[in-house]
Amino acid sequence: MATHGSYSNRRPGLTRIAIFIACLLTVANAGATNSDIYKPIERPTVAVVLSGGGAKGIAHIGVLQALEENGIPVDYIAGTSIGAIVGGLYAAGYSPAEMMEIVRSDEFIAAARGRIEDKYGLYYLQPRPDPAWLRINVSREHLLDFQGVIQSNIPTNIVSPFLMDFLFMEYLGPAAAAANYSFDNLLVPFRCIAANIEDNRGEVMRYGSLADAVRASMTFPFYFKPITIDGRLMMDGGMFNNFPADVVHMEFVPDIVIGSVVSGNPEKPSPHDIVSQLQTMLMAYTRYDIGTERGFMVRPDVPDLNVTDFSQSERVYQIGYEAAIARISENQHLFEYRVEGGVLEQKREAFRSEMPALMIDQVTVSGLRDNERRFAENFLKRSSEPADLEEIKRNYLALLSLRRFKNSYPRIIYNYETGYYDFFADMEYDSDYFRTIGGNISSENINQAFSEVQFWRLDKNPAHLSTRAYFGSFYTSAGLSGRMDFIGRHPFYLFTDITYSHWKYSSSPLFFFEEQKPAFL
């Protein structure tokens with residue numbers, strides 16, 4: 001996220017007074033530590049640390065629920081990967097029950113699987129069905145560069161992050177704005193770890209976009225595409241520190257630390273399991289220890305799950321809850337001070353009241369050529385008036401459903417002068433040309449081969465040209481088509497198609513099988 005300037009108005013006449021007060025505060029706080037800055041005087045402070053571990057980390061939500069039910073305050077929270085997701089949501093003011101509603105939702109499950117729900121698609125812009133098996137994208141600069149074509153078609157991630165990125169922005173953007181983009185000002189002060197893969201080190205995320213920090217921390221290598229923050233490529237913080245108890249001690253100096261761990265250091269890699277190989281290569285050794293005698297660890301006995309398998313979330317949550325209840329009962333002596341549930345809810349409501357409504361004023365798209373950028377910006381927001389984020393969401397996901405973009409990452413930044421958010425999308429167009437290859441294989445004599453070359457142009461009026469051919473014993477066909485779309489309040493398109501087909505019902509030579517006796521003679 002870009003650096004933020006100051007949003008407070010300063011009066012030059014007060015400069016000397018401000019300097020004098022600052023000097024007094026400096027003298028008064030000489031020798032002060034982080035604990036003096038953060039710690040409430042009335043009672044010992046409590047920090048919660050959440051490990052990485054993919055879908056198993058839903059157990060962390062059960063742990064937080066158990067803490068709340070027992071009146072144990074959470075003054076600070078930190079996590080890595082799924083721990084950053086749960087911790088970030090909690091810091092942003094979500095209750096454990098609200099987090100479980102998110103995890104159960106069809107939208108979240110679709111996002112974890114890399115799908116955009118059908119309701120966001122635009123039927124009239126979808127490509128017509130064809131028997132393609134393989135699509136090869138060819139950009140203008142690689143038209144005659146075979147090696148460049150191969151490299152540009154190698155995928156960098158297994159799971160499409162488009163919907164997930166938008167949801168994180170939607171869930172966490174208002175809290176970051178209310179906190180003036182400082183994680184110390186969230187409902188619960190928060191830290192997470194991300195891996196700076198260019199400098200090969202872990203980064204402690206303290207300020208900026210909360211959605212960016214959480215998204216970076218959970219970017220498991222090759223599952224999800226890495227993101228760029230302040231010009232640095234960031235990935236899963238578990239590569240360097242999968243349990244940031246040391247960060248909690250350095251940043252907050254709490255009196256009591258509670259850890260929730262659903263992961264461990266990689267075991268010996270299996271030749272049949274690429275995930276275990278990647279974990280061994282990429283993850284540094286982590287010490288799963290809270291670093292103090294005042295506190296305890298919760299180690300829920302969760303089942304072994306795929307990174308994005310949230311199908312057993314209810315069961316995993318319950319396991320985490322029960323494990324935490326057991327550990328709390330063993331450590332009652334640590335918590336002489338308890339917080340009533342009503343007090344916590346009042347704090348949540350007060351923090352939420354500071355969150356600006358999700359209304360979007362300006363839309364800016366980067367990373368595209370001018371004609372593509374104009375098309376995307378007009379598609380996302382078709383009026384000069386502020387728009388609800390839900391409208392931007394529908395248009396954004398509909399645009400991505402066209403499958404013409406290799407990458408896209410959304411951000412919202414609150415403009416304290418206008419009172420609205422500005423929406424930014426960093427997009428990368430896939431390519432102008434692509435070729436598809438496919439066909440039909442049958443035990444009957446209707447085997448076909450298929451090939452198509454397409455050209456797309458995104459502009460005020462998107463255009464599409466296609467030439468295709470079918471080869472086989474059943475028939476041979478060649479076609480040329482063109483289409484131009486007019487996108488507005490009442491969208492329509494012009495389409496033309498020329499097709500030549502030559503039917504060869506009983507020709508002797510077949511593509512895949514030698515014809516002995518046609519079944520239809």
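Reader: What are the distance and the crossing angle between the axes of helix α8 and helix α9?

Author: In this predicted model, the axes of α8 (residues 162-178) and α9 (residues 210-217) come within 7 Å and cross at roughly 135 degrees.

Reader: What makes α3 and α5 roughly antiparallel?

Author: Helix α3 (residues 59-69) and helix α5 (residues 96-104) pack at an angle of about 160 degrees, with their axes 9 Å apart. Anything over 145 degrees counts as roughly antiparallel, and therefore α3 and α5 get that label. Their crossing is left-handed.

Reader: Which residues of α3 and α5 meet?

Author: From α3 there are I61, L64, Q65 and E68, and they meet P96, A97, M99, M100 and V103 of α5. By class, the contact of α3 with α5 divides into 7 nonpolar, 1 polar and 1 charged.

Reader: How do you know that α5 is roughly antiparallel to α12?

Author: The axes of α5 and α12 (residues 313-330) come within 11 Å and cross at roughly 155 degrees. With the cut-off at over 145 degrees, α5 is therefore roughly antiparallel to α12. The crossing of α5 and α12 is right-handed. M100, V103 and R104 of α5 make the contact with S313, E314 and Y317 of α12. Those residues split into 3 nonpolar, 1 polar and 2 charged.

Reader: Let's move on to single residues. Why does S401 count as buried?

Author: Buried means under 20% relative accessible area. S401 has 14%, so it counts as buried. S401 lies in the loop between α15 and β12 (405-415). Leaving out neighbours within four places in sequence, S401 is in contact with Y120, G121, L122 and Q126.

Reader: What makes Y181 buried?

Author: The cut-off is under 20%, and Y181 has a relative accessibility of 4%, so Y181 counts as buried. Y181 sits in the loop between α8 and β4 (190-196). Its phi is near 60 degrees, a positive value in a residue other than glycine.

Reader: Why is V253 called partly exposed?

Author: Partly exposed is what lies between the buried cut-off, under 20%, and the exposed one, over 50%. V253 has a relative accessible area of 33%, so V253 is partly exposed. You'll find V253 in the loop between α10 (245-252) and β8 (256-260). V253 also has a positive phi, about 50 degrees, although it is not a glycine.

Reader: How do you know that G367 is exposed?

Author: Exposed means over 50%, and G367 has 58% relative accessibility, so G367 counts as exposed. G367 lies in the loop between β10 and α14. Not counting residues up to four places away in sequence, G367 touches D426, M427 and E428. G367 and D426 are 59 residues apart in sequence, and 5.7 Å apart in space from C-alpha to C-alpha.

Reader: Which residues of helix α14 are buried, and what covers them?

Author: In α14 (residues 370-380), the buried ones are N371, E372, F375, A376, E377, F379 and L380. What covers them includes β10 (359-366), α15 (389-400), β13 (420-429) and β15 (448-457).

Reader: What does the protein chain contain overall?

Author: There are 15 helices and 18 strands in the chain. Of its 521 residues, 50% count as buried. Among contacts between residues at least 6 apart in sequence, 69% join residues at least 24 apart.

Reader: Where does pLDDT stay under 50?

Author: Residues 1-41 are one such stretch, with 30 contacts in the model beyond four places in sequence. Residues 510-514 also stay under 50, with 12 such contacts. Over the chain the mean pLDDT is 84, and 84% of residues reach 70 or more.

Definitions and conventions
Residues numbered from 1 in each chain as written. Predicted model: local features only at pLDDT ≥ 70, side-chain atom pairs only at ≥ 80, totals over all residues. Heavy atoms only, no water. Axes fitted to C-alpha atoms, helices over the stretch in contact; angles between N-to-C directions. Helix = DSSP H or I, 4+ residues; strand = E, 2+ residues; numbered from the N terminus. Parallel < 35°, antiparallel > 145°, perpendicular 65-115°, else oblique. Left-handed = near helix turned anticlockwise from the far one by under 90°. Contact = heavy atoms within 4.5 Å. Nonpolar A, V, L, I, M, F, W, Y, C, P; charged D, E, K, R; others polar. Buried < 20%, exposed > 50% of the residue type's maximum accessible area, 1.4 Å probe, protein only. pLDDT = per-residue confidence, 0-100.
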